[in-house]
Amino acid sequence: MMSTNLKTTEKTPHILVLGMGGTIAGLASSPENPLEYEAGQVAVESLLSHIQSAIPEGLTIVSKQIANINSRNLSEGLLSLLGETVQKSLLDSSVRGIVITHGTDTLEETGIFLQLTCAQLAQKLGKRVILTGAMLPSNAPGADGPSNLLDALRWASTAIDNCPGGIYAVMDGRACMAMDLAKRHPTALNAPLQSSPSSSAGLINPSWLSGVKAVQAAWTEDLSIPKEGEWPWVEILTSHAGARSETVSLWTESQVKGLVLAGSGMGGFHDAWLGPLKEAVTKGIALVRTTRTGSGSTLPNIPEKDLVGCLASGSLTAPRARIALQLALNAEKEAKKMGKPLTWQDFFARIADLPEIR
């Protein structure tokens with residue numbers, strides 16, 4: 001643990017900063033070529049020390065390193081650890097808010113995961129959890145990490161236009177709900193927020209805030225976090241020209257519990273998949289259909305009637321739909337233990353039906 005604005009203990013009211021690694025903690029081998037770098041090299045304590053002079057007066061910060069990885073290597077076990085740490089920290093009366101420094105490659109997965117497992121708790125307690133990261137490594141000229149981290153600290157600690165507690169993300173001077181994160185460019189500084197409904201990091205857009213409150217009104221119960229090693233096995237399959245039936249049939253012989261089908265256009269998949277997917281359903285494999293386009297909604301029974309046992313993803317992209325399906329399958333297992341007749345479809349439908357902020 002590290003504290004800045006010293007003369008404090010962990011019982012002093014503070015903002016907790018959790019480090020997960022990523023580009024924001026990366027180091028380039030040469031300033032002349034900042035895109036050649038290694039992620040997850042700088043401790044979160046060091047990231048904070050570099051901006052300490054700009055941290056608002058009186059703001060106490062405590063940091064904890066959860067991981068220091070390239071986020072493309074994010075594991076389900078690390079998601080469990082992060083979620084459990086966030087839940088525990090939210091319940092700590094000395095924690096005013098939480099900032100998470102994270103790699104941008106899998107911010108999309110972590111954003112939806114925290115929304116589905118921690119958002120209701122954060123809202124109930126009136127605390128904000130803020131995801132942030134960077135597109136340039138920490139030693140690159142004009143590195144964006146310091147400004148993103150400062151914006152995230154302000155969002156976690158300040159009463160901004162009555163913005164409620166919840167799970168948010170702040171990057172490139174803008175903010176959005178973490179569940180709306182979508183990296184749509186490999187290098188642009190605003191890549192993780194492209195095509196996402198957002199607001200200025202310093203000034204709330206009233207229509208955006210109205211959308212946030214609509215989502216929060218609909219999300220009234222967090223899903224449980226799977227234990228490490230207990231996450232249901234779910235894979236993403238992308239439909240494309242020349243797709244083969246074997247792409248699906250090979251999975252039906254495995255122990256996979258669910259498949260997310262990233263279809264073309266409105267979420268349709270190659271006709272060659274139809275037979276093997278019907279077989280997958282008979283074997284109890286959960287199916288979710290989405291679009292490979294990266295934006296827009298996948299609607300039930302469009303363009304064709306859905307297979308029995310297959311649900312449309314709504315506005316969830318394939319990476320988000322995979323996390324949502326894993327949590328829904330885990331929730332079904334937990335419900336059965338308590339004798340509740342709920343299926344993964346019941347839980348997934350709650351997620352897919354969340355209002356979309358436009």
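**Entry 1: overall dimensions**

I began with the radius of gyration of this predicted model. A compact globule of 358 residues would have a value near 21 Å, and the protein has 21 Å, so the two agree. I then looked up the extent of the C-alpha trace, which spans about 65 × 50 × 40 Å along its principal axes.

**Entry 2: secondary structure and contacts**

I noted 9 helices and 14 strands in the protein. I next took the contacts between residues at least 6 apart in sequence; 74% of these join residues at least 24 apart.

**Entry 3: surface and burial**

I recorded an accessible surface of about 15,300 Å² for the protein, with 52% of it belonging to carbon and sulfur atoms. Of the 358 residues, 53% are buried.

I located Met266 in the loop that runs between β12 (258-263) and α7 (274-282).

**Entry 4: Thr110**

I found Thr110 in helix α3, which covers residues 107-125. Is Thr110 buried or exposed? Its relative accessible area is 0%, under the 20% cut-off, so Thr110 counts as buried. I then listed its contacts, leaving aside neighbours within four places in sequence: Thr110 touches Leu74, Leu79, Leu82, His102 and Leu131.

**Entry 5: aromatic pairs around Trp155**

I counted 7 aromatic pairs. For Trp155 and Tyr168, I noted ring centres 5.5 Å apart and planes at 65°; the angle is over 60 degrees, so this pair is edge-to-face. The pair links distant parts of the chain, as Trp155 belongs to helix α4 (residues 145-157) and Tyr168 to strand β8 (residues 166-171), 13 residues apart.

I checked the burial of both partners. Trp155 has 1% relative accessibility and therefore counts as buried. Tyr168 has 0% relative accessibility and is likewise counted as buried.

Trp155 also pairs with Trp208 in an edge-to-face arrangement, at 6.1 Å centre to centre and 65° between the planes. Here too distant parts of the chain are linked: Trp155 is in helix α4 and Trp208 in helix α5 (residues 206-218), 53 residues apart. I noted that Trp208 is buried, as is Trp155.

Terms used. Residues numbered from 1 in each chain as written. Predicted model: local features only at pLDDT ≥ 70, side-chain atom pairs only at ≥ 80, totals over all residues. Heavy atoms only, no water. Helix = DSSP H or I, 4+ residues; strand = E, 2+ residues; numbered from the N terminus. Rg over C-alpha atoms; globule rule 2.2 N^0.38 Å. Buried < 20%, exposed > 50% of the residue type's maximum accessible area, 1.4 Å probe, protein only. Contact = heavy atoms within 4.5 Å. Areas by Shrake-Rupley, 256 points an atom, 1.4 Å probe, with all protein chains shown as cover. Phe/Tyr/Trp six-rings, centres within 6.5 Å; stacked < 30°, edge-to-face > 60°.
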